[in-house]
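Student: I am new to this structure and would like to go through it by question and answer. Please show it first.

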Amino acid sequence: MAAVTGLEQPLVVPSAGPPARPRVWRAVVLLLAALYFLVPLGASLWYTIYTPTTGVSFEAYGELLTAEGFAASLALSLGLGLATIVLVLLLTLPAMLAVRLSAPRLRPVMEVLCTLPLVVPPITFVAGLGTSLRTGAEVLAPTPFWATLIAVQDPAFPIVLVLAYVVLVLPFVYRSLDAGLRTMDVRTLVEAARNLGASWPYVLLRVIVPNLRSALASASFLTLALVFGEFTVARLLGYQPFAVWIVTISGSRGQVSVAVSILSLLLIWLLLLAVSSAFGREKK
Amino acid sequence: MTSKVEFRDLRRIFGKTVALDGLDLTIEPGEFVALLGPSGCGKTTALRCVAGFERPDSGAVLVDGKDITDVPANKRDAGMVFQSYSLFPNLNARDNVAFGLRVRRVPVAVRRAKADELLELVGLPTHADRFPHQLSGGQQQRVALARALALEPRVLLLDEPLSALDAKVRVALREEIRRLQLDLGITTIFVTHDQEEALSIADRVAVLRDGRLEQVGAPAEVYDRPATPFVAEFVGTMNHLVGQASPEGTVTVLGHTLPIDGPSPDSPEVDVLIRPEAVQVTPAEDGEAEVLVASFRGSSVRLRLALAGGEVLADVPGHEAVRLAAGTRVTVRLVERPVLVAPRTVTVPAPVTEPADAV
């Protein structure tokens, strides 16, 4: 052991010189970035818990957690987020695989289709959605499907929002999955698995998904973050998920409204942490 | 375990390219057949038709007399090793080998034992816990071979499994594949564009061109008695020399009279096909030929000789390189054995015009 440390020492000493400068820069950059993010955050936190007359108190947060609609809107947003993730992945992954394996010439078409939602402004999107829902109801009225559009707009769990969010997150999900699929030789892996007797669902679940873990995680991240922060579509269609509730509640009192922002930030962090650990777990 | 494989009038067209144009071939049980041909000749397509990744437009693939053309890939009994590395990156070597058994719901203990046994068979008993990215290319292909054999398939399909490896590993692994194949007695189809590879390990070599079978036969037969000029050119190298055939079944070439292999040609004007190693070269001051280029290949030297009838390639043992540098005057003799002749294609017998000091 002594010989090993003896060998390592001369290696470490000269290498300590050159990286010293970049390390200083790194610290500076880190410090600046930290200031940029933490100062406003700390200031808002201080504002929510401190009032000159009563001193430090967490009353604002207590009020928030007991406020009407907090749990309901949070649960709604969570449910919408999960449903969107499941639906968008079930939709895109098999479609992307199918295009890659059997119709590679359709790839540009798919790429454009999936990127389209980025170009359409949310306002236009909602306006279109509203019109479709109204006309749709009239068109479907004489058919046996008359109840579908009503069911879709159930305020307890508006499926129409899930459908809208699936469209909105399509570009992000497509990008992440595409990047993930690029890292492996999909065709060969699929053929190898088929050759070994695997059915298509087995190939998807046991071969593609495990090797696409990080891409799926980032797709889920983005979806969750987008659904939690989405305001326009939900507000205009008249639902009250978390983002809409925040705006509603914060209109009245200053401290509570800032507290709600901090809380939602923390919540989303926690959620993303949960998602990343759920996907990262089996990798080792 | 071993099976007979038949290709019956297999036809497959991709857009404008005809990949398979009526391929007929029968592979006997336990036989090792190499499909050899230039890229685009349809050899891989033929193999993929057996694996079920490609559907022939017409014709059929039969295994043990049963038409499997409509059987989906995952229901076929054929193990395949791919050209590109195909191990599942998320599984270690053992789990890769055991993948097929896992699909078939074989109990964990049994499939682990089987996987370890197969890894031992391919010479990687201590690598079971490594992941593909921790293995070298040769090791990955060994694991892929073990994986293909784990289900004890009736047919083993090898799609250029050695082409991504470096020369030394390639030779070692191909010998090992052959040893394994002989031990297991499994019917094997091996696709390659490397004629040396095909000749060295196959029982029979099938030469394909433009989706059609040009010749199938034992390696020595394909090499020594190529059925068509294409086979002669593709499998090894051939000299085309101007010859004069006589009605008695002999041909005069470079001043030698040699017996003709096969029927006598219609016209006395013929091309004589001679392998470079059948050309013997001796240094001589007053020799009629001159060495233009000598490329040293280790065990042998390929000489390009200029002589009155044109240029000739000759292979001589490597240790003769020193005596046969470029510019040396030599005499040329042909090995006395029957030769193949083809209708004349060399129109102008290019005479050697360069002076001796040109090179």
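**Questions on two chains**

Student: With 7 C-beta neighbours inside 10 Å, is Arg105(B) buried or exposed?
Tutor: A residue is buried if 20 or more other C-beta atoms lie within 10 Å of its own, exposed if 12 or fewer, and partly exposed in between, with C-beta atoms placed from the backbone. Arg105(B) has 7 such neighbours, so the residue counts as exposed.

Student: How are residues and chains labelled, and what kind of model is this?
Tutor: Residues are numbered from 1 along each chain as its sequence is written, while chains are lettered from A and ligands numbered from 1 in the order in which they are written. Local features need pLDDT of at least 70, side-chain atom pairs count only at pLDDT 80 or more, and totals for chains, interfaces and linings use all residues, as this is a predicted model.

Student: Where is Arg105(B) found, and what is its phi?
Tutor: Helices (H or I, at least four residues) and strands (E, at least two) are DSSP runs, numbered from the N terminus. Arg105(B) sits in the loop between α3 (99-103) and α4 (108-121) of chain B. Most residues other than glycine have a negative phi. Arg105(B) is not a glycine, yet its phi is positive, about 55 degrees.

Student: Is Glu160(B), which also lies in a loop, buried or exposed?
Tutor: The loop of Glu160(B) runs between β7 (155-159) and α6 (167-184) of chain B. Glu160(B) has a positive phi of about 45 degrees although it is not a glycine. Because Glu160(B) has 20 C-beta neighbours inside 10 Å, it counts as buried.

Student: What share of the 359 residues in chain B is buried?
Tutor: Chain B has nine helices and 20 strands, and its C-alpha trace spans about 80 × 45 × 35 Å along the principal axes. Of its 359 residues, the buried share is 42%.

Student: Which element gives the largest share of the side of chain A that touches chain B?
Tutor: The contact takes 16 residues from chain A and 18 residues from chain B. On the chain A side, the elements giving two or more residues are α9 (186-195) and α10 (200-211). The largest share, six residues, comes from α9(A).

Notes. Two residues are in contact if their C-beta atoms, placed from the backbone, lie within 7 Å.
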